[in-house]
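Subject: Structure for you to look over

Hello,

Please find the structure below. My notes on what was found in it follow.

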Amino acid sequence: MKWSSQDAMQAYLHTLQLCKTHSNDEDCTLGTINIIQPQCMEFISALAAGNQAKLMVQVTSDQGINPLTIALAVAAMHTKARFVCILHQLQDIENYRAQLSCYDLEDAVELVYGNPCEVIKEFKNIDFAAIDCKFEGFLRLFEIIDVNIRGSVVVVSNIPERRIRASFGEVIKGRTGVECVTRSIGEGMELTRIGLMNCCKPQKKWFKRFHVITFED
């Protein structure tokens with residue numbers, strides 16, 4: 001994926017503005033959950049937009065849409081990407097649409113209901129994926145997801161206690177052109193990049209490039 005500093009900056013600033021505007025907005029919450037959480041949203045949004053992802057897919061837990069949904073919706077708006085959010089339980093899609101409308105993002109997200117392990121098969125060459133490990137079938141998803149081998153990013157949130165093959169990085173480790181890092185965001189977040197042009201580059205260099213670009217102002 002070719003990096004676009006302009007798209008990254010625009011998505012970052014847009015998401016940051018949403019965080020400031022709606023951080024205490026009771027009308028833009030899901031129950032007791034405030035889906036504006038600035039710790040990771042602007043970073044993920046800029047990462048997706050900067051990489052110019054054209055197809056983004058998110059698999060949620062039974063809590064429905066979350067901060068990553070907002071982050072990726074902002075990125076999709078700026079890059080005109082297709083963003084599909086898979087809801088695996090019969091949830092109130094119309095309520096979620098109303099929540100997204102608080103941020104003027106309702107047209108940036110396709111909300112799809114179904115078994116993620118089946119629905120995910122409909123999408124090929126995914127450029128950016130976000131998977132919530134609170135979905136019970138997350139390990140199966142790791143095995144069947146079809147990512148763009150020429151350049152893609154997979155974000156895994158709510159990583160469980162370490163065990164054999166507990167993360168996407170552990171499932172695909174050993175493949176050429178794969179880098180993986182873990183961040184202490186929320187209950188644990190892993191970011192894996194597939195298809196690096198130069199797999200011998202020092203680990204985390206692509207994160208360093210992101211920070212230089214997004215904070216250059």
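Phe-138, Phe-142 and Phe-168 are linked into a cluster by ring pairs. (Rings of Phe, Tyr and Trp, the last by its six-membered ring, pair if their centres lie within 6.5 Å; planes under 30 degrees apart count as stacked, over 60 as edge-to-face and the rest as tilted.) The model is predicted: local features need pLDDT of at least 70, side-chain atom pairs count only at pLDDT 80 or more, and totals for chains, interfaces and linings use all residues. Residues are numbered from 1 along each chain as its sequence is written, and side-chain values use heavy atoms, with hydrogens and water left out.

Aromatic pairs

The structure holds 2 aromatic pairs. The ring centres of Phe-138 and Phe-142 are 5.5 Å apart and the planes stand at 70°, so this pair is edge-to-face. Both residues belong to helix α6 (residues 138–144), where Phe-138 and Phe-142 are 4 residues apart, about one turn of the helix. (Helices are DSSP runs of H or I with at least four residues, strands are runs of E with at least two, and both are numbered from the N terminus.) Phe-138 and Phe-142 are both buried, where buried means under 20% relative accessible area, exposed over 50% and partly exposed in between, with a 1.4 Å probe and protein chains only.

For Phe-142 and Phe-168 the centres are 5.6 Å apart and the planes at 70°, so this pair is edge-to-face as well. Phe-142 lies in helix α6 and Phe-168 in helix α7 (residues 168–172), so the pair ties together parts that are 26 residues apart in sequence. Phe-168 is buried, as is Phe-142.

Helices α2 and α3

The axes of helix α2 (residues 41–50) and helix α3 (residues 67–79) come within 8 Å and cross at roughly 35°. (Axes are lines fitted to C-alpha atoms, for helices over the stretch in contact, and angles run from 0 to 180 degrees between N-to-C directions.) On the α2 side the contact is made by Met-41, Ile-44, Ser-45, Ala-48 and Ala-49; on the α3 side the residues include Pro-67, Leu-68, Ile-70 and Val-74. Contact means heavy atoms within 4.5 Å.

Ser-45 counts as buried, at 0% relative accessibility.

Salt bridges

There are 4 salt bridges, each being a side-chain nitrogen of Lys or Arg within 4 Å of a carboxyl oxygen of Asp or Glu. One of them joins Arg-82 to Glu-110, with the closest N and O atoms 2.9 Å apart. Arg-82 sits in strand β4 (residues 82–87) and Glu-110 in strand β5 (residues 110–113), so this pair ties together parts that are 28 residues apart in sequence. Arg-82 is partly exposed at a relative accessible area of 41%, and Glu-110 is partly exposed at 34%.

Another salt bridge is between Lys-121 and Glu-118, at 3.6 Å from N to O. Lys-121 has a relative accessible area of 39% and is partly exposed; Glu-118 is partly exposed at 46%.

In helix α6, Arg-140 and Glu-143 are 3 residues apart, about one helical turn. Their side chains meet in a salt bridge of 3.7 Å, N to O. Arg-140 is partly exposed, with a relative accessible area of 42%, and Glu-143 is partly exposed, with 44%.

Regards
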